[in-house]
Amino acid sequence: MSAPLPETPATSVPAAASNQLFPFVLQLADTSLILAHRLSEWCGHGPVLEQDLALANIALDLLGEARSYYQYAAELEGQGRTEDDLAYLRSAVEYRNPLLVEQPNGDFAHTILRQFLFDNFHYHLLRKLKDGPDTQLAAIAEKSVKEAAYHLKWSSEWVIRLGDGTDESRKRLDKAIATLWRFGGELTTPTATETALQEIGVLPDYAALLAEMQAHTAHVFAEATVPLPAPAFAQLGGKTGRHTEHLGYLLSELQYMQRTYPGLTW
Amino acid sequence: METLEKVLTPEEQFQARIDADVRIEPKDWMPDAYRKTLIRQISQHAHSELVGMLPEGNWITRAPSLKRKSILLAKVQDEAGHGLYLYSAAETLGTTRDQMLADLHSGKAKYSSIFNYPTLSWADMGCVGWLVDGAAILNQVPLCRTSYGPYARAMVRVCKEESFHQRQGFEVMQTLCEGAPVQKEMAQEALNRWWWPTLMMFGPKDADSPNTAQSMNWRIKRFTNDELRQKFVDMMVPQAEFLGLTVPDPAVKWNEERQAYDFGEVNWDEFWAVVKGNGLCNHERLQARVQAHEDGAWVREAANAHAAKRAAREAVAA
Amino acid sequence: MNQSEWPLWEVFIRSKQGLDHKHVGSLHAADATMAVQNARDVYTRRLEGVSIWVVESKHIHASNPDDSEAFFDPAADKVYRHPTFYEVPDSIKHM
């Protein structure tokens with residue numbers, strides 16, 4: 001299920017950076033897990049059978065990616081915690097996913113736009129991470145970037161279909177933009193952790209990423225005949241544990257079994 | 001051969017091909033009743049896959065570990081795939097998926113009653129995989145040799161994918177049974193709820209199943225309901241014993257003479273009540289499907305509209 | 001608006017390099033791009049393929065079963081087209 005990690009955790013990252021690496025890897029893990037969780041809520045309820053399968057495929061990719069990051073984070077931490085301990089036994093304020101991915105599915109237009117905003121960042125980030133100096137992160141990114149390339153293709157095409165579809169689909173996409181655009185900025189606004197990792201070259205400069213992302217967005221929105229939305233006030237906080245109220249409900253479902261029956265194996 | 005075919009009616013020729021184990025393909029002549037029965041049977045099977053996603057889908061967001069979450073999501077997604085393969089097979093008979101879905105949503109078409117029971121604990125994911133999929137496989141494996149080609153080919157694909165479903169269910173049960181007492185209790189409690197409904201999956205007793213003879217002649221059914229039910233009990237009782245669980249039927253006892261297990265009578269009143277729509281979850285299950293379809297209407301329309309716009313633009317450009 | 005279901009497409013998959021594309025089933029999609037992606041999502045979840053073809057079902061023309069005697073039986077007596085028809089002495093190698 002998860003990406004096989006290299007045998008030797010040989011990382012060329014300075015030791016001082018490894019205490020920044022742990023929270024960052026956790027952030028990547030939480031992000032993929034929470035979005036996978038949201039997408040999995042569609043399972044059995046998709047607009048057409050073929051797209052039900054497509055949504056589940058994306059969720060499975062992200063879940064696999066999350067597991068690789070959690071396993072790596074557990075290793076970095078070195079406290080004997082497992083992937084499940086990290087995923088199931090932390091509270092909302094300890095979660096480090098950006099706000100965007102915890103937003104509810106809403107209608108299909110909301111799900112598509114949320115996915116597009118995320119995929120656009122995710123794909124471009126992974127392309128850099130796979131050539132980055134941290135060998136474990138690079139290995140995970142190497143595998144995940146192929147998946148993310150497909151996700152971005154899928155969500156971009158759906159943005160185009162909905163934007164240049166019917167009046168109703170356009171209205172719904174506009175509404176999704178009005179709701180979700182403000183959560184896009186957090187993805188490329190570095191936290192102190194990310195800045196520290198950028199300074200030592202583990203993470204790419206987000207300004208460069210942003211340029212690639214904006215070029216892609218411009219292309220997709222033009223195809224979709226949708227005017228580029230004006231920059232919105234960026235809601236920040238998820239990556240430092242300040243979440244919207246939605247996350248608590250999500251976690252209470254996600255963690256139900258582990259919290260109800262502590263310490264058991266399933 | 002020449003002379004024989006001259007005296008045989010089309011129906012007789014058709015039956016002769018089936019008796020010779022020659023597959024029937026979409027454009028071949030077939031009796032109307034064969035076509036109708038197949039559409040009903042295949043679509044009912046497809047609907048079961050579709051509705052069957054709901055009771056398990058219910059637990060994807062609550063799965064107790066990341067590994068179990070991945071497995072469960074992949075499994076429920078497979079069911080969507082199986083529904084799709086089966087709808088496709090039925091479409092070769094001249095119906096449409098829209099028509100079949102309309103029949104499901106109006107209550108005209110049936111699906112397997114087992115999915116009208118609620119999933120209440122994590123152990124239900126074990127029971128659904130181990131028991132329900134186990135029962136389904138008994139039904140499905142013989143259908144890989146069914147007389148209608150597209151149906152048989154769909155079933156080959158389904159069975160190939162289904163094989164991991166039962167194993168993962170058994171593994172869930174085994175993990176529970178080897179775990180803490182509270183987990184073992186959870187497993188036993190789930191078995192208590194699922195055992196009898198699973199036995200009902202094979203349908204009414206042979207004496208109350210008037211269409212069985214014709215379906216067996218047409219080789220779209222290869223064993224009778226009671227035969228399959230017996231096979232299932234013979235297969236499952238030892239597996240339950242291996243797990244250290246007790247099948248909730250005091251009448252279960254090995255019969256040396258028959259070389260099979262004796263077992264008690266299914267509660268047929270309950271069976272018919274659920275078939276007629278009075279199971280605990282009939283309403284919710286159907287409602288969930290109708291809702292998904294209606295909520296998806298604008299999405300499907302948008303994609304059609306965009307495809308038409310794009311085609312028109314390409315035509316102008318060309 | 002356009003209420004009809006998405007068109008039906010037939011899916012053909014090459015399971016590995018060097019083999020023919022083989023018909024695996026069908027699916028619904030609004031356009032060709034989506035049909036290829038849906039085929040990927042539906043029919044290649046277990047590494048079943050390395051290449052996908054989709055053809056809208058309405059474009060497939062098939063022979064008519066009523067013609068099958070006229071079409072296919074005449075090939076039955078052309079045994080001389082098959083190598084086993086010919087007797088070659090045991091001492092002759094490489095033929």
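Guide: Two residues are in contact when heavy atoms of one lie within 4.5 Å of heavy atoms of the other. Keep in mind that this is a predicted model.

Start with chain B and chain C. By that rule, 23 residues of chain B and 24 residues of chain C take part in the contact. The size of an interface is often given as the accessible area lost when the parts come together. For chain B and chain C that area is about 2000 Å², and carbon and sulfur atoms give 47% of it.

Now the charges. Four salt bridges cross between chain B and chain C. One pairs Asp78(B) with Arg45(C), with N to O at 2.4 Å. Polar contacts join 10 residue pairs across the interface of chain B and chain C, with both residues at pLDDT 80 or more. On the side of chain B that touches chain C, helix 4, helix 5 (97-106), helix 7 and helix 12 each supply at least two residues. That side of chain B has 11 charged residues, seven nonpolar and five polar.

Stay with Arg45(C). Its side chain also forms a salt bridge with Glu161(B), at 3.5 Å from N to O. Arg45(C) sits in the loop between helix 1 (32-43) and strand 3 (51-56) of chain C, and Glu161(B) sits in helix 7 of chain B, so the pair joins two chains. Arg45(C) counts as buried because its relative accessible area is 19%, and the cut-off for buried is under 20%. Glu161(B) is buried too, at 4% relative accessibility.

Next, chain B and chain A. Here 47 residues of chain B and 49 residues of chain A take part in the contact. The two chains bury about 4100 Å² between them, with 69% of it on carbon and sulfur atoms. Four salt bridges cross the interface of chain B and chain A. One of them joins Lys309(B) to Asp164(A), at 3.1 Å from N to O. There are 18 residue pairs in polar contact between chain B and chain A, both residues at pLDDT 80 or more.

Which helices does chain B bring to the side that touches chain A, each with at least two residues? They are helix 3 (32-57), helix 4 (66-91), helix 7 (149-177), helix 8 (181-200) and helix 12 (282-317). Helix 12 gives the most, with 15 residues. By class, this side of chain B divides into 26 nonpolar, 11 charged and 10 polar residues.

Asp52(A) lies in helix 2 (residues 49-77) of chain A. Its contacts beyond four places in sequence include Met53(B), along with Trp42(A) and His45(A). Side chains of opposite charge can pair when their charged atoms come close. Asp52(A) is buried but has no salt bridge. The nearest side chain of opposite charge is that of Arg289(B), 5.0 Å away. The salt-bridge rule asks for a nitrogen and a carboxyl oxygen within 4 Å.

Glu83(A) is in helix 3 (residues 83-88) of chain A. Glu83(A) counts as buried because its relative accessibility is 12%. Its side chain makes a polar contact of 2.8 Å with that of Gln71(A). Beyond its close sequence neighbours, Glu83(A) touches Arg67(A), Tyr70(A), Gln71(A) and Leu66(B).

From chain B, take Thr175(B), in helix 7. Leaving aside residues within four places in sequence, Thr175(B) touches Thr265(A), Trp266(A) and Arg68(B).

Last, the charged pairs beyond these interfaces. Over all chains, the search finds 38 salt bridges. Within chain A, Glu41(A) and Arg38(A) pair at 3.0 Å, N to O. Glu41(A) is partly exposed, at 27% relative accessibility. Arg38(A) is buried, at 7%.

Within chain B, Glu265(B) and Lys205(B) form a salt bridge at 3.1 Å, N to O. This pair links distant parts of the chain, 60 residues apart. Glu265(B) lies in the loop between strand 2 (260-262) and helix 11 (268-278), and Lys205(B) in the loop between helix 8 and helix 9 (212-217). Glu265(B) is exposed, at 52% relative accessibility, while Lys205(B) is partly exposed, at 30%. Elsewhere in chain B, salt bridges with shared partners join Glu56(B), Lys75(B), Glu79(B) and Asp133(B) into one network.

Methods:
Residues are numbered from 1 along each chain as its sequence is written. Chains are lettered from A and ligands numbered from 1 in the order in which they are written. This is a predicted model: local features need pLDDT of at least 70, side-chain atom pairs count only at pLDDT 80 or more; totals for chains, interfaces and linings use all residues. Side-chain values use heavy atoms; hydrogens and water are left out. Helices (H or I, at least four residues) and strands (E, at least two) are DSSP runs, numbered from the N terminus. Buried means under 20% relative accessible area, exposed over 50%, partly exposed in between (1.4 Å probe, protein chains only). Lys and Arg count as positive and Asp and Glu as negative; His and the chain ends are not counted. Buried area is the accessible area (1.4 Å probe) that two parts lose on being put together, summed over both. A polar contact is a pair of N or O atoms within 3.5 Å; within protein, one must be able to donate a hydrogen and the other to accept it, and residues adjacent in sequence count only if both atoms are side-chain atoms. Ala, Val, Leu, Ile, Met, Phe, Trp, Tyr, Cys and Pro count as nonpolar, Asp, Glu, Lys and Arg as charged, and the others, Gly among them, as polar.
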